[in-house]
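Please look over the sequence and the model before reading on.

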Amino acid sequence: MTSVPPKMIAMDAVVVQDSEPVTATVDEEVVMLSVRAGAYFGFNGVGSEIWQMIREPRRVDEICRSLSPHFDVAPEIVERDVLAFVQALADRGLVRLVDPARTEK
Amino acid sequence: MTHFYGIHGLVIGSEIELPELELRRHPQPTEPDVTIAASEMTSVPQLGAAEGARVETEGGEALMTVPGVAIYRIQDGTQVVVQPDSTADPALVRLYILGPALALICHQRGLLPLHASAVEIDGEIVAFVGSPGEGKSTIAAHCLAREGTRFAADDILVVTFPETGRPLAHPGMPSLKLWRDALDVLGRRHDDLRRDWLRAEKFHLPMAARLLQGPLPLKQIYVLDDDPGIEDGVRIEPIIGGDAVATLIVHTFRIQSLDDRVQRSRHFVASSRLAGLVPVRRLARRKERAQAGVTAAAVLADVRSAT
């Protein structure tokens, strides 16, 4: 069993879906099983939207920028919530951090 | 001599005669999907106070130990080898074959065994899931007291996904486990019925005349929910998305015995697929047995209004 200690996610971090969880979409909600984490997860609404966005590696601030126009709140609130969500995904091993240098070329 | 039975969409060839499956006898000896073999008697000592079945799984094989009853080796989705305790009652030995051992076979084969009772209503299957004692069998019995219904399964309901079309539900146990007052609705007396060993007040009711024989599309899954906040009547509401998937996962038979990565992933994929294809609905009412008839009437009306 390999377990990577959780990392703090920053706005310039690049994240991507981890390939370990088995995922499905039911009634527009994302549900997943992570055998490694020993748990089932599910999220709806914006959560599923973010999950779809990180099928390919994405910077966290880039996610925030594309979501912001859809919400009638200050960009800082969007940033705070997105960061918390991505951090929660990372803590559970559902996303991987990608080295930005390797994606910018 | 081998006895052949057809249940859960599988042909079972058993060295042990299973009178509980008499109504599911397979007409012709054939190559069975699953064999049940008996090996020599043994002693399965009782360790401590009233311990239930213990299951260990490894590499496609499950070993189920039931103190005072038997050891069951369940292999590759194709074989159950039973080693009975020399003092065990044969009916009790069979009970664990028909329940958990067959459920483990289903998991090994990648089938989805829901912990459900099911009836046919107008040519489609309606399934009832819920916590033990919630009244799955009782509601099923009350549905059967009405026109246009047949009995499909009790306890385990196997669902499969054909390449085209809707998920199919397969005929299961040919008898209902019922409480005494539910039997009265059907006008049956309980002194000539087979006793259910685990719960003395329940009885196996053979359903010969109104028994489903082949698979049919699964129309709806109801989750029985005892809601003391409901004064009277029945509330039926949809469960969607992740909640529907979670419901199906929780109400899978012997879900706790899936500890292998392949089985777990396969089970998750099947559960989420089913949740996407078949409506899951919460059936909330205050659980008083006197109201089971009202609940059944509400279910039939709900099923028949959905198209």
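The model is predicted: local features need pLDDT of at least 70, side-chain atom pairs count only at pLDDT 80 or more, and totals for chains, interfaces and linings use all residues. Residues are numbered from 1 along each chain as its sequence is written, chains are lettered from A and ligands numbered from 1 in the order in which they are written, and side-chain values use heavy atoms, with hydrogens and water left out.

**Helices H4 and H5 of chain B**

- Helix H4 (residues 241–250) of chain B packs against helix H5 (residues 261–277) of chain B at an angle of about 125 degrees, and their axes are 8 Å apart; helices (H or I, at least four residues) and strands (E, at least two) are DSSP runs numbered from the N terminus.
- Axes are lines fitted to C-alpha atoms, for helices over the stretch in contact, and angles run from 0 to 180 degrees between N-to-C directions.
- H4(B) and H5(B) are therefore oblique to each other.
- The residues of the contact of H4(B) with H5(B) are seven nonpolar, three polar and no charged; Ala, Val, Leu, Ile, Met, Phe, Trp, Tyr, Cys and Pro count as nonpolar, Asp, Glu, Lys and Arg as charged, and the others, Gly among them, as polar.

**Helices H2 and H6 of chain B**

- Helix H2 (residues 136–144) of chain B and helix H6 (residues 292–305) of chain B have axes 8 Å apart and pack at an angle of about 70 degrees.
- H2(B) and H6(B) are therefore roughly perpendicular to each other.
- The crossing of H2(B) and H6(B) is right-handed.
- Among the residues in contact are B:Ile139 and B:His142 of H2(B) and B:Ala296 and B:Val299 of H6(B).
- By class, the contact of H2(B) with H6(B) has six nonpolar, four polar and no charged residues.

**Helices H1 and H2 of chain A**

- Helix H1 (residues 46–53) of chain A and helix H2 (residues 60–67) of chain A pack at an angle of about 130 degrees, with axes 11 Å apart.
- H1(A) and H2(A) are therefore oblique to each other.

**Between the chains**

- The contact takes 16 residues from chain B and 12 residues from chain A.
- Chain B and chain A bury about 1100 Å² between them, 69% of it on carbon and sulfur atoms (buried area is the accessible area, with a 1.4 Å probe, that two parts lose on being put together, summed over both).
- B:Arg261, B:Arg264 and B:Phe268 supply 44% of the area that chain B buries against chain A, more than any other three residues.

**Salt bridges**

- The whole structure has 18 salt bridges over all chains (a side-chain nitrogen of Lys or Arg within 4 Å of a carboxyl oxygen of Asp or Glu).
- Between chain B and chain A the count is one salt bridge.
- B:Arg261 forms a salt bridge with A:Glu20, and the closest N and O atoms are 2.9 Å apart.

Key:
Parallel < 35°, antiparallel > 145°, perpendicular 65-115°, else oblique. Contact = heavy atoms within 4.5 Å. Left-handed = near helix turned anticlockwise from the far one by under 90°.
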